[in-house]
Amino acid sequence: MESLIKTTTKERKKIMFKFNIIKSLTLGMALILGGALIAPTGLEAKNKFVFANSSPYDTMDPHALYDVGRVAYRINLYDGLLRWLDNPPKLSPWLADSYDISEDGTSYTFHLNKGATFHDGSPVEASDVVYSIERILALKKGAFSLYTGSVEPGSTKALDTHTVQFNLVQPSSIFLATVPAIHILNSTLVKSHEVDGDLGAKWLSQNDAGSGSFELDRYDPAIGFSAKRFEDHFMGWGDKYLDEIEFRTVIEINSRVLGLMNGDFHGTDGYLPQDQVKRLVASENVDVQVEESMRIFYVILNHNREIMQDINFRKALSHAFDYDSFITDILGGSVARNPAPMPNNIWGNPLDEKGYSYDMDKAREYLAKVKKPIPEFVLGALAGYGQTGQAAALFQNSLTKLGLKTRIVEEPWSVASKKMRDKEQMYDSLFIWRSTYYADPNNWIGEMYACDQVGARNNSWYCNPEVDKLLMDARIEPDQAKRSVNYKKAAKMVMDDAAGLFVYNTVWFGPYNKNVKGVRFSPIGNAQEMRWVYFEK
Amino acid sequence: MRILYLLVNRLIWFFPTVFGLLLLVFTISHIIPADPVAFLAGDYATNEQIADLRAQYGFDRPLYIQFTNYVMGTFQGDLGISLYTQRPISYDLLARLPATLELTFVSIVISAIIGVPLGVIAAVYRNSVADHILRLITVSGLAIASFWLAILFQLFFAMELQWTPLQGRIDGWGPDHITGFFLLDSLLVADWESFGSAFSHLVLPVSTLAFPAMATIMRFTRAGVLDAINSNYVLYEQAMGIPQRIIVWKYILRNALIGTVTQIGLIFGILLAGSVVVEAVFDWPGLGLYAVQSIMNSDYNAIMGFTLITGAMFIFINLLVDVLQGVMDPRSEL
């Protein structure tokens with residue numbers, strides 16, 4: 001067989017001739033590909049804005065989900081009675097021109113804008129508002145739990161075509177703050193697509209029944225959605241606007257960043273890791289807008305654990321986390337230190353309170369006072385959210401120096417969120433963010449440490465009757481000044497109790513194409529409302 | 001007759017195999033302490049509200065009842081409803097299947113077209129410079145992580161040279177839906193702009209997927225050719241004066257390819273698995289991306305549906321490979 005392997009030059013040429021045909025074909029294909037170079041997309045010429053989003057748009061039903069990652073379709077295709085705008089967020093009239101609150105604080109009457117129409121041209125009426133809130137309560141998904149205990153099914157009334165009244169079970173000073181989450185549907189349209197009492201869920205999962213600034217044009221759950229400007233939107237349009245918006249799902253961070261640098265996208269989420277933000281800042285195509293947000297990063301301590309009942313142990317933990325190193329070195333100073341259980345930039349924050357600092361000597365002092373044996377301490381972190389793992393590793397390092405036995409458990413959100421609701425399964429500590437669903441201190445301290453939220457929004461099982469009374473009173477007190485006093489007192493008590501470790505206030509680094517202007521950031525919505533955005537010609 | 005026997009034999013095993021697969025995936029996905037309903041109900045839901053919703057979806061029932069219901073539904077063509085999209089799983093899967101199949105088939109064809117001839121060259125010129133270079137390519141193809149390679153391709157070909165699109169499947173939303181395969185659909189309606197766009201968007205993801213597949217095919221072809229070269233029948237054909245090119249490309253290659261064809265069947269499964277990473281990096285709206293999202297959300301029905309469809313495809317391709325093998329090698333035991 002050596003003879004075959006060592007073929008003559010002539011034979012080799014013959015074999016190579018055949019190979020060359022294949023090679024030529026391959027090269028030919030490469031040339032075709034070469035010819036198919038990317039042509040300029042011309043998106044800006046079409047006045048079309050493309051946003052790369054990290055979360056998939058599983059559904060177009062505004063009542064099915066209530067999360068931050070998929071807010072774009074809710075606020076661009078749908079309107080609410082009120083809307084949170086700007087930073088710090090202001091509750092602004094939207095579909096409702098005005099509202100009245102009854103003296104006992106249980107009745108809220110909204111007066112609708114008479115010029116508002118849905119995308120099919122039919123007017124927005126009070127009956128649509130009633131249908132929308134009833135649908136939210138019946139579906140029991142998304143934002144429905146915001147209204148549990150305050151809005152009962154059947155209690156909301158259409159007083160006339162343009163007046164709707166919410167009748168609460170009890171006074172609530174936070175109800176108004178949650179009203180923007182009621183996205184108003186075209187009830188006639190949705191009802192016409194109801195199948196087997198599904199409240200139009202199947203149809204609405206891929207169609208649009210809103211009155212928002214943009215109307216759905218294309219939707220593909222695998223890709224995202226595009227929407228065209230709704231010219232007849234009741235708020236009107238100035239001379240600067242987008243004609244089309246497209247929100248695409250791009251899960252991979254690197255792909256979002258490269259796409260933005262390459263001009264394929266005009267914007268992406270503002271909570272990217274700092275190394276990616278630095279790449280974007282250095283890019284000539286990208287402007288990074290900076291705003292202090294209201295998302296806070298903190299550590300939930302599980303107060304069900306026996307050792308956690310000892311305040312000395314909790315204080316030792318509070319002094320054992322190296323806040324400055326984490327913020328300055330690991331996060332490159334991209335966040336703001338926040339020692340309190342609510343954002344720096346919301347009323348009711350005890351700004352004069354310094355909170356805890358990293359001090360291993362003090363940590364040792366407090367630890368020496370702990371009489372009971374300290375079991376292995378589990379540090380929970382969220383898989384896929386590297387920052388929580390980094391924080392856990394930093395904390396573990398300090399705790400090890402203190403002689404504690406620790407273990408880091410990193411699990412995906414779907415697992416962690418279940419454990420957080422079970423006092424036995426809950427980690428001893430968990431690094432986590434608290435996002436902004438509505439701009440009221442109750443969104444943070446009022447839920448994180450209220451006794452009635454234990455196991456639901458209060459995942460530390462901390463329940464201090466004094467703190468709880470302050471929080472409960474603040475929930476029904478209509479005067480914001482009085483509420484502010486309560487929240488400041490409650491926050492100080494929570495901090496004195498070392499009920500958790502409060503680390504930082506997120507800063508939003510919104511990366512946009514240099515030609516994009518008019519972005520209005522609000523912590524609720526994360527600047528994804530597109531009606532003010534335009535391209536600079 | 002042998003082929004018929006093979007088909008019947010494989011079909012008999014198809015159902016127990018799929019059943020076993022479903023049982024395994026169902027067990028794994030349900031014993032993970034995740035709660036998709038809690039996410040669906042929102043951050044503000046109380047435990048009672050979550051329990052109500054769980055009951056509504058039947059997740060409060062014993063696992064064996066849930067599994068039995070699922071299997072019964074599957075036999076009736078009902079793969080259930082996605083917790084997140086509220087649409088039938090079959091709808092969501094079918095919407096994404098063409099994207100993955102297009103990517104996988106093009107990758108496998110490209111890898112075979114390049115891998116087989118290079119494997120032959122490497123064998124015929126064993127231990128030559130060409131062989132060493134090809135071996136280096138082979139080892140690289142097998143060793144380099146797809147994730148890293150994909151980003152490298154993006155940085156170089158899309159960002160630096162600007163030759164290819166960075167990501168996505170097509171500019172805009174693609175041609176009107178006929179089959180869901182963009183290349184085919186654009187050809188059918190003679191939409192050359194869409195064809196060019198779909199083609200150029202395929203380059204980087206296909207290159208990423210095809211590179212390791214090509215390396216495997218090249219290795220197996222080389223080994224097969226070297227094995228065949230040493231056979232007596234080749235010596236006999238040479239003695240008969242048959243031209244070398246015919247000996248190599250007709251007789252040796254036919255025998256050498258038997259192992260390669262088997263590998264292509266296995267590679268198909270590897271490519272399906274690899275597409276998860278490639279689809280994520282290139283924002284390719286296929287099954288892989290759907291699987292990742294479903295797993296992250298613990299969308300049970302979606303996970304099961306993905307498993308069922310990829311498992312069935314894998315079994316079908318391997319059946320096809322077995323048949324091809326039988327045709328190519330009449331001596332083979334079926």
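Colleague: How many bridges join β6(A) to β7 of chain A, and which way do the strands run?

Modeller: In this predicted model, β6(A) and strand β7 (residues 163-167) of chain A run antiparallel and are joined by three bridges.

Colleague: Which residue in β7(A) stands opposite A:Lys157?

Modeller: A:Gln165 is the residue opposite A:Lys157.

Colleague: And what packs on the sheet there?

Modeller: Helix α4 of chain A, residues 126-139, packs on the sheet and touches β5 (107-112), β6 and β7 of chain A. The direction of this helix makes about 175° with that of β6(A).

Colleague: In what order do the strands of the sheet come?

Modeller: The order is β4-β5-β7-β6 in chain A. These four strands form an open sheet with antiparallel pairing.

Colleague: Which are the edge strands?

Modeller: They are β4 (96-101) and β6 (157-160) of chain A, each of which pairs on one side only. On average, neighbouring strands of the sheet are turned by 25° against each other, direction ignored.

Colleague: Changing topic: how many residues does the contact take from chain B and from chain A?

Modeller: Chain B supplies 66 residues and chain A supplies 58 residues.

Colleague: Which elements of chain B give two or more residues to the side that touches chain A?

Modeller: Among them are α2 (36-41), α3 (47-56), α5 (89-124) and α9 (192-229) of chain B. The most comes from α5(B), with eight residues.

Colleague: How many residues on that side of chain B are nonpolar, polar and charged?

Modeller: The side of chain B that touches chain A has 38 nonpolar residues, 18 polar ones and ten charged ones.

Conventions
Residues numbered from 1 in each chain as written. Chains lettered and ligands numbered in written order. Predicted model: local features only at pLDDT ≥ 70, side-chain atom pairs only at ≥ 80, totals over all residues. Contact = placed C-beta atoms within 7 Å. Nonpolar A, V, L, I, M, F, W, Y, C, P; charged D, E, K, R; others polar. Pairing = 2+ DSSP bridges. Axes fitted to C-alpha atoms, helices over the stretch in contact; angles between N-to-C directions.
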